[in-house]
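Visitor: I would like to go through a protein chain with you, one piece at a time. Please show me the sequence and the structure.

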Amino acid sequence: MAMRGQRAMVRVAMTTVLVVIAAACGSSSNNANKGSPTTASGGTLPTALGTGVTANSIKLGVAEPDFSCFSAFVDQIRTNQKQMFQAYVDAINNAGGINGRKIVMDFKLFCPVPGTGVQASSLCTAFTDDDHVFAVVGTLSDFTGDTQECITGTHKTILISYLQDQTWMQKAAGLLLSPDIARQRRVNVILNLVKKQGTLKGKKIAVLGETDTKNEVSQTVVPGVKALGNKLGTTAILTISGSDTSAAQSQLDSFIERWKSDGVNAIFMVGQQVSSKQFVEKIKKAMPKVQLLADNGEVLSYGQDYVVDHIKDDPYTGIISADGESGAQHDGEANNQKCAAIYQAAFHKPASHYNTITPGPGGKTIDVYGLEDDACTLTQMFAAIAEKAGPNLNNATWVNAVDHMGSVPDMDTHYASLGKNKYDADDTFRLVAFDPTITDKGDWRGLTPVENVAETNK
């Protein structure tokens, strides 16, 4: 799924435990038949089939988090992930496959908690050195970028996943793709929409980041806030290391006191960790009238947790970000209805809707809707690019297809595109604020109309 905030539950769960996946991945000598990761310049593209591709099949790795290793830390879980992805792979195969080739799925779970269970670092070598897949899709998010580098850099294997950094995707040059929007591009979208709307007129804005977003804060957000013409408060970068946030909490206390004395009345949070509950609760308790903005859509699901748990004072109420269509609008999209039909045919029951709450064990809810959306979007995005790459499927023809893709079909957002130097697909956005009174669990309230930001924010 292309990071619509209301459907980002698994990313939220992984961020909630504040883990940083350690993925020290060594080099491999088994890369000779991978083909060039860039398009042949001015000549004919290679015809040799890529690793994992035969005359009749394409081996596709699928990586998903193992919720059993961190379910104690989250309110929502996913179950039957392998069966869900298999249903959408089967739908592609039953429709003729990809240029006549059937997808053979290689499914693996990993634990995002360091030192526990199967780690992302071992998935990298398992998929590439051991199983020789052509590509990997799934929710393989590593905030350090090491796992992405291992798969797409060291092993020259395609990866389509969520929560990717723009610099990582640029370096991989077509081998690392995301159905959602890179954080850096999303920041620019927010700033452009805020400027057009005049949302922050007259406010003094502070920027709050974390170690992983330090460069983004200095290179994108601070200059962007200055360009709005607003006064700038003290910029804060919190030192967050894994699950221990004691130092970061102490740092935030100091910055809050400074912001209060400086008259700061808006804070732009940059990073998935600084916008998590423990930090937002602290800010809103000390500065109840401050206007919060976030560079990620996960904050919606954080806010929804308070609604579902019937907690009255929701610190995320009114937080501003950029997101796409509402849940109800998304339910009505043609591709979502296509995905829902595949689900019903495979599991013999109606697909979940955005507002469906599925009870799970131990008082948790099961994110059927988000898993269905992810499995459908990731497999169809892979299939669309591989189909465009043509019968001689290899890394070079894949990258050539990405570079000339344009509009991406069968995505879960109204506008989506890929092209040379644009490797994050989602283009469907509007300025939004969280409203806990919309539906039974809260939703984004639109502040501006939905637009194609690839066209309006060039």
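Predicted model: local features only at pLDDT ≥ 70, side-chain atom pairs only at ≥ 80, totals over all residues.

Visitor: How many helices and strands does the chain have?

Guide: Both are DSSP runs numbered from the N terminus: helices are H or I with at least four residues, strands are E with at least two. By that count the chain has 15 helices and 19 strands.

Visitor: Which residues of β12 point the other way from I320 and A322?

Guide: In a regular strand, side chains alternate between the two faces of the sheet. I320 and A322 point one way from β12, and all four residues of the strand are buried, where buried means under 20% relative accessible area with a 1.4 Å probe and protein chains only, exposed means over 50%, and partly exposed lies in between. The residues pointing the other way are S321 and D323.

Visitor: What share of the 458 residues counts as buried?

Guide: The accessible surface of the chain is about 17,100 Å², with 50% of it belonging to carbon and sulfur atoms; such areas come from the Shrake-Rupley method with a 1.4 Å probe. Of the 458 residues, the buried share is 59%.

Visitor: How far apart are the end C-alpha atoms of helix α8?

Guide: The expected span of a helix is 1.5 Å times one less than its number of residues. Helix α8 (residues 246-262) has 17 residues, so it should span 24 Å. The distance between its end C-alpha atoms agrees with this, at 25 Å.

Visitor: Within what arc do the buried residues of α8 fall?

Guide: The buried residues of α8 are A248, Q249, L252, F255, I256 and W259. Seen down the helix axis, they line one face of α8, because they fall within an arc of 125 degrees. The arc is taken from the directions from the helix axis to the C-beta atoms.

Visitor: Which elements do those buried residues of α8 pack against?

Guide: Contact means heavy atoms within 4.5 Å. The partners of the buried residues of α8 are β7 (204-210), β9 (236-238), β10 (266-270) and α9 (277-286).

Visitor: Are the rings of F85 and F107 stacked, edge-to-face or tilted?

Guide: Rings of Phe, Tyr and Trp (its six-membered ring) pair if their centres lie within 6.5 Å; planes under 30 degrees apart are stacked, over 60 edge-to-face, and the rest tilted. The structure holds nine aromatic pairs. F85 is in helix α2 (residues 81-94) and F107 in strand β3 (residues 102-110), 22 residues apart. Their ring centres are 6.5 Å apart and their planes are at 50 degrees, so the pair is tilted.

Methods. Residues numbered from 1 in each chain as written. Heavy atoms only, no water.
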